[in-house]
Amino acid sequence: MMDEHRRSDKTDWSAFSYFALNAIDLAIPAKAKAGLLRDMTDLAEKSGHVYDPDTLFKELVAREEAASTAIGSGIALLHPRFHDPYLFEESFIAYGRTLRPVFFGAPDGAATQHFFLICSTDHEDHLHLLARLALLAHGTDLVERLDAAETAEQVLEIIHDCEKDFR
C-alpha cells in the first residue's frame with residue numbers, strides 16, 4: 001500500500017504511505033524485549049525491503065541499550081541508530097501488536113503492546129516519521145483503535161483515518 005510518489009511530494013508528511021501491508025502482524029508472540037526485537041526484525045524482513053536483517057537486529061538492540069524507544073501510552077517507536085541507505089531498499093514502517101503487553105522501559109512505567117519499526121534510508125524522513133507517529137499516538141485515539149483492529153487492512157485504515165482526523 002506504499003505510495004511511490006511520496007519522496008517527491010514532501011508537502012504531505014503522512015506516515016500512512018510508508019506502511020508495508022505484509023509487514024503488519026497483530027499477533028507478535030514475544031514476552032520480553034529481546035524476543036520482541038527479533039520478532040520485529042523478522043516482520044520487517046517480510047516486507048522484502050531489508051537487505052541485512054542481522055545488522056538490523058543488532059542496530060535495534062544497540063538503540064534500545066542506549067535508551068528505550070517506548071514513548072508511553074502502550075507504544076514504542078523502534079528504529080536503528082543509523083539511517084543507512086544500504087540497510088533497506090526503501091523507507092517503510094512495520095507494525096506489530098503483541099499478544100500480551102511487554103515491559104519495554106516506557107516513561108510512564110506501563111507495558112507496551114504496539115510496536116512501530118521505522119526503517120528509513122533518509123535522516124529527514126526518519127525524523128518526520130518519528131514525530132508524526134508520536135503525534136498520532138498522543139493526539140488521537142490511535143491506541144484504542146489499534147487495540148480493536150483484527151486485520152492488517154484495518155490497521156492501515158486506522159492509520160489513514162487518524163492522520164486525516166489529525167490534520
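Leaving aside its neighbours within four places in sequence, which residues is Thr41 in contact with? I began my notebook with this one, and contact here means heavy atoms within 4.5 Å. I found Pro53, Leu56, Phe57 and Leu60 on the list for Thr41.

**Before going on**

I noted that this is a predicted model, where local features need pLDDT of at least 70, side-chain atom pairs count only at pLDDT 80 or more, and totals for chains, interfaces and linings use all residues. I also noted that residues are numbered from 1 along each chain as its sequence is written, and that side-chain values use heavy atoms, with hydrogens and water left out.

**Entry: Thr41**

I placed Thr41 in helix 1; helices (H or I, at least four residues) and strands (E, at least two) are DSSP runs, numbered from the N terminus. Thr41 counts as buried because its relative accessibility is 0%. For that word I use under 20% relative accessible area, with exposed over 50% and partly exposed in between (1.4 Å probe, protein chains only). I also saw the side chain of Thr41 reach the backbone oxygen of Leu37 at 2.8 Å.

**Entry: helix 2**

I turned next to helix 2, which covers residues 53-66 and has 14 residues. From its first C-alpha to its last it reaches 20 Å, close to the 20 Å expected at 1.5 Å a residue. That expected span is 1.5 Å times one less than the number of residues. I listed its buried residues as Pro53, Leu56, Phe57, Glu59, Leu60, Ala62, Arg63 and Glu64. What do they pack against? I found helix 1 (33-45), strand 3 (75-78) and strand 5 (112-119).

At its start, a side-chain oxygen of Asp122 comes to within 3.0 Å of the backbone nitrogen of Glu124. The buried residues of helix 3 include His126, Leu129, Leu130 and Leu133.

Two packed helices are described by the angle between their axes and the distance between the axes. For helix 3 (residues 123-139) and helix 5 (residues 152-166), I wrote down an angle of about 85° and axes 10 Å apart. The axes are lines fitted to C-alpha atoms over the stretch in contact, and angles run from 0 to 180 degrees between N-to-C directions. Helix 3 is therefore roughly perpendicular to helix 5, a label for angles of 65 to 115 degrees. On the helix 3 side, I found Arg132, Leu135, Leu136 and Gly139 making the contact, with Cys162, Glu163 and Phe166 from helix 5.

I found Ile71 in strand 2, and it is partly exposed at 25% relative accessibility. Leaving aside neighbours within four places in sequence, Ile71 touches Ala76, Leu77, Pro107, Ala134, Ala137 and His138. I looked at His83 as well: its C-alpha atom is separated from that of Ile71 by 20 Å, with the two residues 12 apart along the chain.

Ser73 sits in the loop between strand 2 (70-72) and strand 3. I noticed its positive phi of about 60°, although Ser73 is not a glycine. Its relative accessible area is 37%, so I logged Ser73 as partly exposed.

**Last entry: Phe16**

Is Phe16 buried or exposed? I logged Phe16 as buried, with a relative accessible area of 15%. Phe16 lies in the segment before strand 1 (19-28).

Methods
Angles under 35 degrees count as roughly parallel, over 145 as roughly antiparallel, 65 to 115 as roughly perpendicular and the rest as oblique. A polar contact is a pair of N or O atoms within 3.5 Å; within protein, one must be able to donate a hydrogen and the other to accept it, and residues adjacent in sequence count only if both atoms are side-chain atoms.
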